[in-house]
Amino acid sequence: YRFIASVVERDYSTDQPALLEQALPANPSPQISGPRLSRKYIYAALIVAATLSIFLISSFIVRRTRETTESRRLLAVLPFTNISPDPEKEYFSDGLTEELITNLSQLNPQRLGVIARTSAMRYKETRKSAAEIGRELGVDYLVEGSIRSEDGRARITVQLVRVSDQSHLWAQSYDRPFEDVLKLQREVAEVVAHALSLQIIRPRTPEPTIDAAAREAYLKGQYQLNKRDPAATLQAIEFFRLAVNAAPNDGRAYVGLAEAYLQLGGSPGEAKEAVAKARESLGKALALDDTLAEAHRLSGNISLLNDWNWPLARREFERALELSPGHAMTHHGYATYLSTLGRHDEAIARMKKAIEMDPISPLVIGDLGWFYYAAGRYEEAAMQSLKALELEPNDFAAHDCLLHAYLMQGKTDEAVGQARTIMSLRGATPEEIEALSTGDDRERLKAFWNWQLNWLRDIAARYYVDPYYFALTYADLGATNQVIENLEAAYRDGSTLMPFVHTEPRYNHLRTNERFINLIQRIGPHTN
């Protein structure tokens, strides 16, 4: 603001109107036009201007304060470094990382988002700086530390780093008995919350009493489970059983056991037996503690993929999200539920929430590509598949999604290029790959589909292969009868892929086929 009137000193000790006339210049400034303002209007204008200025400044301060206090921040817990004399203690440092992620994500989900374990663990033993990691994950803060476990005690060092300037906001060392580490997780999480000026909104629940043997068995089970390897899964089951026997009141051990059973796979009979055991374990877990979000998530997966019970799946996923709204895999499961119902926009939006929490997970990023594909958004499906392949170049599912996204866009040469890549990754001979170079577009692709059928048959001669995969390849070949026959076989086997039959674009030409319609009606979704 600029005050442009002339200023003249005057004596306010008297109140003579003539003094005001003497104070004003005889020839007003040419910058002021119009009628001369009276004193009361000048005062009024100044008061209004001052009030408006105060209001604007106050509003700015309040707005900036609100933005600072209410904005949602993102944090990542980097894998703790194992500095124990025994390298076999790696399970302990990984377990500490995972549990701290869980504790932090439950503090105040509306104000603090915590990156999922899948993405965080990709930085194990990394040489990248805090600034690089923060930029790649899109986070504001990092928690990092080390652990030394020896003679029944654990010495843990933790620090909180602000990514923007890599400054250390807080650091602390702890020396605790091994059995007290569970309590330490909550303590560290709450100290981090206070350092970030966060209000803790999760309910205070009593600390479970678990002996050291049960605790160690549970952490070893999680360590093996996260390897995603059949032999390791069997080891995980044994460790979780030890944990359950040592601490039968610990619901989390039952949840770990259920997840391990669900990873087993095998023939239809073996899979049904494993799912039955997983159901039993989840039932025990929820009987002990109905607030176990992971138990509800796994129950949602079983309801959708094994039981084809969409209403129950919805209730379980929503309950899991209510208990742990920042859990990436729960958003992933709920997105899958929505996609199988054809609610594509909701599914994609939900999957983007999962990616926010798990930004460099090839699984989550790749599955969003399939959701775009199911929605008919083929260009976006291709772009998403390419993102997944940047993270995991040998991801067969992402390559397959990219191939079909290219086909739907009419990009035959690009699709054939993807077919070559898939054949090469799966061990095809140079002569088999060369067959894709002769003939017209249809013949080149047909050579690939026929090769893939033979590849599936070769696998099926040694292991169980879900008939749904044969159905998809026959759909690519346009062999309607074989598609229906294999879908019927998948239905009898209780395939976990059957819910996707509703929205798979490769089956669009079958949607008026009576046999296909009958199959759809038997699968559901039903309202019961």
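Q: Which residues does Y507 touch?
A: Contact means heavy atoms within 4.5 Å. Not counting residues up to four places away in sequence, Y507 touches Y468, A471, L472, A475, V483, L487, V501 and F516. The model is predicted, so local features need pLDDT of at least 70 and side-chain atom pairs pLDDT 80 or more, whereas totals for chains, interfaces and linings use all residues. Residues are numbered from 1 along each chain as its sequence is written, and side-chain values use heavy atoms, leaving out hydrogens and water.

Q: What makes the set around Y507 a nonpolar core?
A: A nonpolar core joins buried (under 20% relative accessible area, 1.4 Å probe, protein chains only) Ala, Val, Leu, Ile, Met, Phe, Trp, Tyr and Cys residues through side-chain atoms within 4.5 Å. The largest such core has 69 residues, and Y507 is listed with F448, Y468 and L487 as having the most contacts inside it. A second, separate core of 56 residues includes V114, L184, L196 and L225.

Q: Why are the buried residues of α8 said to line one face?
A: The arc is taken from the directions between helix axis and C-beta atoms. The buried residues are A232, T233, A236, I237, F240, A243 and V244. They fall within an arc of 150°, and therefore line one face of α8.

Conventions. Buried < 20%, exposed > 50% of the residue type's maximum accessible area, 1.4 Å probe, protein only. Helix = DSSP H or I, 4+ residues; strand = E, 2+ residues; numbered from the N terminus.
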